[in-house]
Amino acid sequence: MDIFTSFTDLVLLVGTNPLPNYIVIKYFLKHNEKLKRIWLIYSEETNVQAGTEELAENITSVIKKEFLSNKPDLKFKHIPLSDVGSASTILDELQRNMKTEVSSPNIFHLNYTGGTKSMAVQTYKYFLENFGKRCTFSYLDGRDFKLKGDESSAHVTKDLRYEIGISVESLLELHGYEKKGGQNNPSYPDTVKKFEEITKLGKLNEYLCWKNNTIRGFFYKGNKFVETRKQFLTYNNICSDEDVKRFKQNFREKTPDIIFELLKTIPKQNSILDENGDIWVPTESTINKEYKDRANSVKNFLDGKWLEVYVYNVICQKIKENEKLNELYKKGQLIIDNNYEIKKKNTEKKHFEIDVILLNGYQVCGISCTTASDDSTCKNKGFEIIHRARQMGGEEAKSILIACLEDKESRSIEDFYEDLKDISGSRTHEFMVLGLKDLTPEKLWEKIYEHIWGADL
């Protein structure tokens with residue numbers, strides 16, 4: 001008898017990360033036609049413990065949406081625990097709840113991956129003592145992504161990342177998040193191609209210097225973006241035709257030809273260049289909408305958004321060129337998306353951003369992109385992406401910071417990585433930092449591929 005296909009009731013412990021529960025449920029719904037009931041044991045919210053009832057509800061909602069048509073009679077049972085640190089309370093509440101719910105010769109399977117250690121130990125003990133041979137056990141091993149049964153080493157699955165996947169939408173819903181905004185941010189494909197060319201030519205540092213010293217000098221007052229036509233003219237001391245000529249000449253002298261070529265690829269209505277190829281200067285008759293449509297290409301794209309789109313494009317292209325990865329992509333086992341602004345449902349909490357998200361089956365990899373090169377900004381970005389990747393994908397999640405850092409005499413990129421890794425508590429295989437020297441397409445892909453897949457494929 002195969003313990004993975006012979007039970008009627010699946011029991012799971014709901015911890016702070018619902019993803020393992022989702023994966024286990026999905027695997028057994030795929031392989032066990034006898035499965036009739038799913039039991040979710042969660043912690044009640046009290047003054048001394050966090051509650052996971054909402055996550056149990058999210059798991060139920062997502063599974064029902066995905067399997068309702070194939071499993072219309074599938075039942076969900078939720079069992080709360082008022083004190084997950086008390087062995088006697090856990091056993092008493094399991095006994096009371098299970099006694100009223102179990103009315104037939106159920107055959108149970110407990111997967112004890114989630115929850116606290118005390119939940120796992122006491123629940124295991126309860127089912128072993130009360131159901132004996134009518135209950136089997138398993139756990140999802142985060143080291144090799146295999147589902148393993150306790151009774152025999154023969155009861156081991158293959159790497160489930162390549163069998164069980166999840167959509168970004170379902171991943172967010174499991175955690176009670178929703179995607180907000182971001183859909184209207186520009187991508188400018190021809191401009192991104194120019195950035196790729198600049199990167200291959202080793203001219204990216206030249207662009208970054210121009211962006212920081214010239215374009216930010218014209219469109220930013222300190223760190224604050226110049227929002228209106230009037231503010232732009234006042235800030236740049238443009239009052240007359242002579243001022244306009246001076247301003248345009250200044251811009252032309254400070255802008256290398258290769259950057260002019262890049263700017264020409266931006267659509268006319270969003271370009272900061274005029275019809276003569278000089279920097280566009282709003283007149284007194286220019287309405288603020290026209291100014292914003294043009295100026296926002298600086299704020300939303302040239303200042304840093306381009307790097308996110310560039311990284312996303314490189315990964316997508318390289319996946320298509322790799323036979324195994326492209327096959328996984330076509331099957332929906334490999335998902336990549338970008339430009340995610342995420343917030344908690346039904347709250348006013350500030351949203352957070354993930355520049356690029358890659359799902360290797362169900363393993364989450366979050367990528368943060370910044371054109372910054374200072375340690376403070378890059379560390380903040382690094383902390384954020386490590387935290388968000390773990391938050392959504394658990395301890396098995398991976399994260400990458402892609403920044404415009406350079407090796408210096410006082411501090412190398414490796415030193416920066418080690419410092420960030422130690423402070424954040426990241427493991428070596430979990431987090432990676434890429435700098436300016438890694439941004440050519442081939443080098444970028446080589447590093448990302450090694451970090452996510454390594455010798456797995």
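Me: How many cavities of 30 Å³ or more does a search of the whole structure find?
Reply: The model is a predicted one, and the search covers the whole structure. Rolling a probe the size of a water molecule over the atoms shows where empty space is left. With the cut-off set at 30 Å³ or more, the number of cavities found is 1.

Me: Which elements each supply at least two residues of the lining of the largest cavity?
Reply: The largest cavity, with a volume of about 30 Å³, is lined by Lys305, Glu308, Asn339, Tyr340, Glu341, Glu353, Ile354 and Asp355. The elements that each supply at least two residues of this lining are α12 (305–321), β10 (334–344) and β11 (352–360).

Me: How many charged residues does the lining of the largest cavity have?
Reply: The residues that line the largest cavity include Lys305, Glu308 and Asp355. Sorted by class, the lining has 2 nonpolar residues and 1 polar residue, while the number of charged residues is 5.

Me: In what sense do β10 and β11 pair, parallel or antiparallel?
Reply: Strands of a sheet pair through backbone hydrogen bonds, either parallel or antiparallel. Here 6 strands form an open sheet with mixed pairing, in the order β7-β10-β11-β12-β13-β14, and its edge strands, β7 (177–179) and β14 (431–434), each pair on one side only. Within this sheet Asp337 stands opposite Ile357 in β11, and the pairing of β10 and β11, which runs over 8 bridges, is antiparallel.

Me: What angle does the direction of helix α15 make with that of β14?
Reply: In the sheet ordered β7-β10-β11-β12-β13-β14, neighbouring strands are turned by 35° against each other on average, direction ignored. Helix α15 (residues 413–424) packs on this sheet, where it touches β13 (398–402) and β14, and its direction makes with that of β14 an angle of about 150°.

Me: Why is one side of β3 and of β6 left without a neighbour in the sheet?
Reply: Another open sheet is formed by 6 strands in the order β3-β2-β1-β4-β5-β6, again with mixed pairing. One side of β3 (75–81) and of β6 (146–149) has no neighbour in the sheet because both stand at the edges, each with a single partner strand.

Me: Which residue in β4 is the bridge partner of Asp9?
Reply: Strand β1 (residues 9–13) and strand β4 (residues 108–111) pair in the parallel sense over 4 bridges. In β4, the bridge partner of Asp9 is Phe108.

Me: Which strands does helix α3 touch?
Reply: Helix α3 (residues 87–101) packs on the sheet, and its direction makes about 150° with that of β3. The strands that helix α3 touches are β2 (37–43), β3 and β4.

Terms used. Residues numbered from 1 in each chain as written. Predicted model: local features only at pLDDT ≥ 70, side-chain atom pairs only at ≥ 80, totals over all residues. Heavy atoms only, no water. 1 Å grid on protein atoms, 1.4 Å probe; cavity = no way out; pocket = protein on both sides within 12 Å on 5 of 7 lines; lining within 4 Å. Points joined across faces, edges and corners; volume = space filled by probe spheres on them. Nonpolar A, V, L, I, M, F, W, Y, C, P; charged D, E, K, R; others polar. Pairing = 2+ DSSP bridges. Axes fitted to C-alpha atoms, helices over the stretch in contact; angles between N-to-C directions. Contact = heavy atoms within 4.5 Å.
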